[in-house]
Amino acid sequence: MGEVIGLIVFGAIVGVLARLFKPGEQKIGVLWTILVGIAGALIGYLVAGWLGVDNTSGIDWIRLAISVVAAIVLLGVFMGVTGRKKS
């Protein structure tokens with residue numbers, strides 16, 4: 001249960017960071033921000049494992065950066081698929 005809560009919290013952080021770094025206004029709600037962040041976090045974990053940087057001591061900055069970049073891409077895809085325009 002703790003892993004699920006951790007994934008939700010990490011996904012929320014990743015989603016918020018993705019929205020901050022993506023240019024323009026994103027017209028999506030908090031739930032979609034968290035879901036996009038969770039998807040980005042899962043992709044970040046997967047890619048970090050492929051690159052061999054999944055076991056680091058301290059704060060895992062590389063995995064966080066990969067997760068945020070993945071969430072930015074997913075955010076762009078989500079906005080394109082749903083037809084939400086940036087202002």
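Is Ala 12 buried, exposed or partly exposed? Ala 12 lies in helix 1, and its relative accessible area of 23% makes it partly exposed. Here buried means under 20% relative accessible area, exposed means over 50%, and partly exposed is in between, with a 1.4 Å probe and protein chains only. Helices are DSSP runs of H or I with at least four residues, numbered from the N terminus.

The model is predicted: local features need pLDDT of at least 70 and side-chain atom pairs count only at pLDDT 80 or more, while totals for chains, interfaces and linings use all residues. Residues are numbered from 1 along each chain as its sequence is written, and side-chain values use heavy atoms, with hydrogens and water left out.

The packing of two helices comes next. Two packed helices are described by the angle between their axes and the distance between the axes. Helix 1 (residues 2–21) and helix 3 (residues 61–82) have axes that come within 8 Å and cross at roughly 65°. These axes are lines fitted to C-alpha atoms over the stretch in contact, with angles from 0 to 180 degrees between N-to-C directions. The crossing of helix 1 and helix 3 is right-handed, that is, the near helix is turned clockwise from the far one by less than a right angle. From helix 1, Phe 10, Val 14, Leu 17, Ala 18, Arg 19 and Phe 21 meet Leu 64, Ser 67, Val 68, Ala 71, Ile 72 and Leu 75 of helix 3, where contact means heavy atoms within 4.5 Å. Of the residues in this contact of helix 1 with helix 3, ten are nonpolar, one is polar and one is charged. In this grouping Ala, Val, Leu, Ile, Met, Phe, Trp, Tyr, Cys and Pro count as nonpolar, Asp, Glu, Lys and Arg as charged, and the others, Gly among them, as polar. Leaving aside neighbours within four places in sequence, Val 68 is in contact with Val 14, Leu 17, Ala 18 and Phe 21.

In soluble globular proteins, nonpolar side chains tend to be buried together. The largest nonpolar core has ten residues, including Val 14, Ala 18, Ile 28, Val 36 and Val 68. Such a core is a set of buried Ala, Val, Leu, Ile, Met, Phe, Trp, Tyr and Cys residues joined through side-chain atoms within 4.5 Å. Helix 1 and helix 3 are the elements that give two or more residues to this core, and helix 3 gives the most, with six residues.

The ring centres of Phe 10 and Tyr 45 are 6.1 Å apart and the planes stand at 75°, so the pair is edge-to-face. Rings of Phe, Tyr and Trp (its six-membered ring) pair if their centres lie within 6.5 Å; planes under 30 degrees apart count as stacked, over 60 as edge-to-face and the rest as tilted. Phe 10 is partly exposed at 21%, and Tyr 45 is partly exposed at 39%.

Gly 44 is also placed in helix 2 and is buried, with a relative accessible area of 0%. Not counting residues up to four places away in sequence, Gly 44 touches Arg 63, Ile 66 and Ser 67.
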